2 protein chains.
Amino acid sequence: MASYCHRRYVSRLFQNFGKLQPKSKSQEVGLSCHSHKLMLYNDIIAQSYAGGFHMLPLGLRALEKLTHLVDEEMQAIGGQKIAMTTLAPESLWQTSGRWAAAGSELFKITDRQKHQFCLGPTHEELVTKLLANIAQVSYKQLPIKLYQITRKFRDEMAPKYGLLRGREFEMKDMYTFDSNEETALETYNGVCGAYNRLFDRLGVPYVKVAGATGIIGGSLSHEYHYFADVGQDSVLMCERKVFLTLCSKMGFAHFPTCHHKQFCATNSSNSIFMIIIFYQLNVLLCGDHELIIYIYFFLFVIHNISDFHMGCYGLGITRILQATLEALSTETGIRWPGLIAPHQIYIIPKKDGSRGEDYLTAAESLSDSLTQRRHLQGEVVIDDRMNLTIGRRQVDADRLGYPYTIILGVKALESPALYEVVETATRETTFMSKDQLMAFADQIQTI
Amino acid sequence: MASYCHRRYVSRLFQNFGKLQPKSKSQEVGLSCHSHKLMLYNDIIAQSYAGGFHMLPLGLRALEKLTHLVDEEMQAIGGQKIAMTTLAPESLWQTSGRWAAAGSELFKITDRQKHQFCLGPTHEELVTKLLANIAQVSYKQLPIKLYQITRKFRDEMAPKYGLLRGREFEMKDMYTFDSNEETALETYNGVCGAYNRLFDRLGVPYVKVAGATGIIGGSLSHEYHYFADVGQDSVLMCERKVFLTLCSKMGFAHFPTCHHKQFCATNSSNSIFMIIIFYQLNVLLCGDHELIIYIYFFLFVIHNISDFHMGCYGLGITRILQATLEALSTETGIRWPGLIAPHQIYIIPKKDGSRGEDYLTAAESLSDSLTQRRHLQGEVVIDDRMNLTIGRRQVDADRLGYPYTIILGVKALESPALYEVVETATRETTFMSKDQLMAFADQIQTI
């Protein structure tokens with residue numbers, strides 16, 4: 001629909017208000033990682049309160065792309081997307097025993113009828129009640145894989161690192177239901193596969209680590225980690241980097257399957273942070289009271305399914321977003337994973353002068369040609385600050401980390417026209433004809 | 001990406017658990033409109049608590065399509081999408097005077113540091129603070145149009161009618177900033193135009209009515225209404241149906257611009273419900289204390305913009321979703337606006353028998369051909385309940401309101417194959433060859 005492909009100008013974009021410059025030094029207090037600083041300085045996010053952040057246009061575009069990517073991978077393994085309520089009745093959390101267990105991390109609220117609720121930090125209680133209320137469930141319908149991507153709430157004692165440890169955040173949580181251990185393990189491995197593909201597509205180096213299961217209980221758990229300096233956990237790797245574990249949570253004794261003798265000698269400890277956890281509850285109906293949400297499963301007896309295995313798979317969406325920036329960015333320049341960069345292409349026409357108008361017109365025409373390609377709709381930005389030199393605007397493009405910059409210099413108005421294309425990650429510069437440029441643009445992957 | 005085009009089977013879909021039948025009569029208590037019943041019975045939504053609903057797979061697909069439609073229209077008029085926090089600090093709402101004014105409709109919460117927040121029912125306070133905190137704003141950047149589509153919270157005294165009047169709901173709210181009255185009016189008319197296009201594309205008859213501005217104040221306001229039996233408002237229309245007003249809120253005396261003499265004689269009163277409100281605040285810095293959020297605008301003086309006009313434009317997304325169903329559906333069958341139907345095509349292969357497998361295979365092959373078209377990815381469902389007759393499954397297709405049903409009967413296995421295509425809205429049946437069917441499918445509009 002052509003009417004919906006309008007041009008985007010830097011002078012009109014909301015992130016440009018701060019002139020793309022770091023703000024006052026006083027704002028740096030408490031900003032202890034560079035991704036947090038970069039996101040604030042460049043109007044990717046804005047702080048609303050301690051631990052709560054608005055997503056500004058660039059940040060939200062990246063978040064929506066990441067969400068789409070997760071949707072694709074979850075649906076490829078048969079995940080069905082739902083959206084549960086934010087408010088969760090106290091009675092359910094009392095029944096599960098987590099009203100007290102989660103303690104002051106729960107945001108609690110009382111309505112005008114004096115009923116209590118919490119703001120869901122996770123939805124095991126609600127999803128099991130949802131299934132329990134369904135009239136009929138048969139073995140044939142299993143496994144059931146329900147997931148959502150919604151805002152979650154946790155009253156962190158010490159929120160920090162921006163989106164890495166906030167008090168409201170976007171999370172993907174999937175809940176799976178199987179009738180026996182064997183298929184439950186298949187489901188578990190299926191989700192691992194989806195996560196692997198997701199992280200591969202993001203293109204940021206990661207490791208998959210055997211994890212602890214925590215207060216939720218359960219028998220099996222893995223975490224995915226990015227390497228960075230600001231993390232609170234360390235991973236231990238064996239020499240071949242095949243088997244890993246968290247040294248902060250598990251001792252060597254628990255190291256699950258590494259048989260490489262060299263392990264202890266080379267335990268290369270790396271400071272990292274955790275980006276996700278997922279875990280599985282093996283729900284058996286023999287009255288295992290350690291399982292926090294057992295109470296609803298008696299209803300599955302009514303459904304004639306006597307042995308029920310539940311899996312819970314979380315993924316911190318906003319956390320992943322900032323974590324990729326923490327891993328990829330430089331001290332002064334944001335670097336996005338290509339697939340989720342807010343915009344792919346940044347066009348800089350030559351400065352005002354005798355032919356200033358012509359350069360801007362050429363930039364607009366090029367933008368139109370590019371955005372006629374469906375995969376580039378909304379992906380092109382024109383830096384129309386025509387009073388600034390190309391070099392000055394390149395500094396901004398570099399800081400914001402647009403993957404590709406196209407400079408319209410003198411040669412862009414010659415015949416045949418030549419465009420200067422800069423790949424931000426490699427800083428490689430190539431001159432291209434329009435045909436070459438279009439062929440190049442067709443190769444850019446978007447979501 | 002072919003790997004992400006997987007087939008969808010009815011037997012695996014979550015909405016099928018209730019066997020597509022109305023549940024027990026006891027559940028009907030309090031269900032006072034048919035769209036609410038239809039959405040509950042057919043697993044479009046599920047109640048979580050009084051006034052709070054989970055969106056199940058079909059409902060969420062429709063909601064995501066509607067969201068996409070709204071995004072297109074908002075961005076076509078230069079809207080930039082953001083996402084503000086759900087929690088809003090008490091201090092801001094105290095400053096605006098709405099902490100007390102909104103009274104018990106606000107969900108209030110206290111964190112572990114004893115700071116108070118409310119769950120945002122709307123975001124005027126937060127968005128003005130966001131702008132006030134921006135380092136530099138110049139006249140050249142105006143108008144600024146920021147919008148979000150997020151979950152809002154309102155502690156309704158008497159939640160009812162499902163999503164029409166719930167306690168948590170999805171809302172689009174846009175906030176615009178202009179430097180003078182003339183451009184502010186242009187912005188206002190621009191948003192009206194976007195709303196008109198949105199409602200035209202949904203294809204459900206509506207009226208645009210001059211509205212009251214309510215506690216938020218402001219100078220100009222319109223509402224869009226659908227006609228239905230369950231509404232609480234009435235509209236008065238003049239004979240030519242050009243000018244309308246709400247009789248519950250405004251008397252004849254206030255009827256704005258109707259000059260048709262016949263008006264009083266024919267005041268055809270229609271029971272309807274309101275689906276949106278939008279309004280404009282003309283913020284003048286001469287100390288107009290009636291304007292609830294004036295306090296932040298002194299910061300715009302720092303930005304050297306002495307006269308500031310703010311517009312606030314709301315749109316109840318979940319409310320529109322159910323309102324369209326209330327307007328279109330029959331007592332027993334859901335009817336979706338075509339563009340936001342969860343799935344477009346429902347394939348029913350002939351029942352088990354000597355050639356049962358062949359029919360299912362043909363259905364799968366047809367589904368693959370259809371979903372290879374980009375606009376039909378995810379839009380095709382196969383009813384693989386092969387133990388049921390075609391007629392029995394048609395009843396379910398009709399109740400769920402899939403726009404198009406394709407029946408694979410005896411002729412579908414002949415050479416050349418013939419497919420029976422039923423258009424749900426008109427109940428028109430056509431036999432088509434595969435080529436004809438594909439040409440037909442290419443015409444189906446999706447978003």
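Does Lys114(A) count as buried or as exposed? In this predicted model, Lys114(A) has a relative accessibility of 68%, and because a residue over 50% is classed as exposed, Lys114(A) counts as exposed. The residue is placed in the loop of chain A that runs between strand S5 (108-110) and strand S6 (116-119). Although Lys114(A) is not a glycine, its phi is positive, at about 70°.

A positive phi is also found at Asp43(A), which is not a glycine either; here the value is about 55°. Asp43(A) belongs to the loop between helix H1 (34-41) and strand S1 (45-49) of chain A. With a relative accessibility of 2%, Asp43(A) counts as buried, since the cut-off for that class is under 20%. A glycine, Gly203(A), follows helix H6 of chain A and has a positive phi near 75°.

Helix H6(A) itself comprises 22 residues, 181-202. The buried residues of H6(A) include Ala184(A), Thr187(A), Tyr188(A), Val191(A), Tyr195(A), Leu198(A) and Leu202(A). Several of these positions can be read against the helical repeat. An α-helix has 3.6 residues a turn, so residues three or four places apart point the same way. Cys192(A), Gly193(A), Ala194(A) and Phe199(A) are buried in H6(A) as well.

Helix packing was considered next. Two packed helices are described by the angle between their axes and the distance between the axes. In chain A, the axes of helix H2 (residues 57-76) and helix H8 (residues 317-328) come within 10 Å and cross at roughly 115°. H2(A) and H8(A) are therefore roughly perpendicular to each other, and their crossing is right-handed. From H2(A), the residues Gly59(A), Ala62(A), Leu63(A), Leu66(A), Thr67(A) and Val70(A) meet Ile317(A), Thr318(A), Ile320(A) and Leu321(A) of H8(A). This contact is made up of seven nonpolar and three polar residues, with no charged residues.

In chain B, helix H2 (residues 57-76) and helix H6 (residues 181-202) have axes that come within 9 Å and cross at roughly 145°. The crossing of H2(B) and H6(B) is right-handed. On the H2(B) side, Leu66(B), Leu69(B), Val70(B), Glu72(B), Glu73(B) and Met74(B) take part, and they meet Ala194(B), Tyr195(B), Arg197(B), Leu198(B), Arg201(B) and Leu202(B) of H6(B). By class, this contact has eight nonpolar and four charged residues, and no polar residues.

Cis peptide bonds were also identified in chain B. The bond from Leu142(B) to Pro143(B) is cis, with omega near -5°; Pro143(B) occurs in the loop between helix H5 (124-133) and strand S7 (144-153). Ser415(B) and Pro416(B) are likewise joined by a cis peptide bond, with omega about 0°. Pro416(B) is located in the loop that lies between strand S17 (404-408) and strand S18 (419-423) of chain B.

Conventions
Residues are numbered from 1 along each chain as its sequence is written. Chains are lettered from A and ligands numbered from 1 in the order in which they are written. This is a predicted model: local features need pLDDT of at least 70, side-chain atom pairs count only at pLDDT 80 or more; totals for chains, interfaces and linings use all residues. Side-chain values use heavy atoms; hydrogens and water are left out. Helices (H or I, at least four residues) and strands (E, at least two) are DSSP runs, numbered from the N terminus. The expected span of a helix is 1.5 Å times one less than its number of residues. Buried means under 20% relative accessible area, exposed over 50%, partly exposed in between (1.4 Å probe, protein chains only). Axes are lines fitted to C-alpha atoms, for helices over the stretch in contact, and angles run from 0 to 180 degrees between N-to-C directions. Angles under 35 degrees count as roughly parallel, over 145 as roughly antiparallel, 65 to 115 as roughly perpendicular and the rest as oblique. A crossing is left-handed if the near helix is turned anticlockwise from the far one by less than a right angle, and right-handed if clockwise. Contact means heavy atoms within 4.5 Å. Ala, Val, Leu, Ile, Met, Phe, Trp, Tyr, Cys and Pro count as nonpolar, Asp, Glu, Lys and Arg as charged, and the others, Gly among them, as polar.
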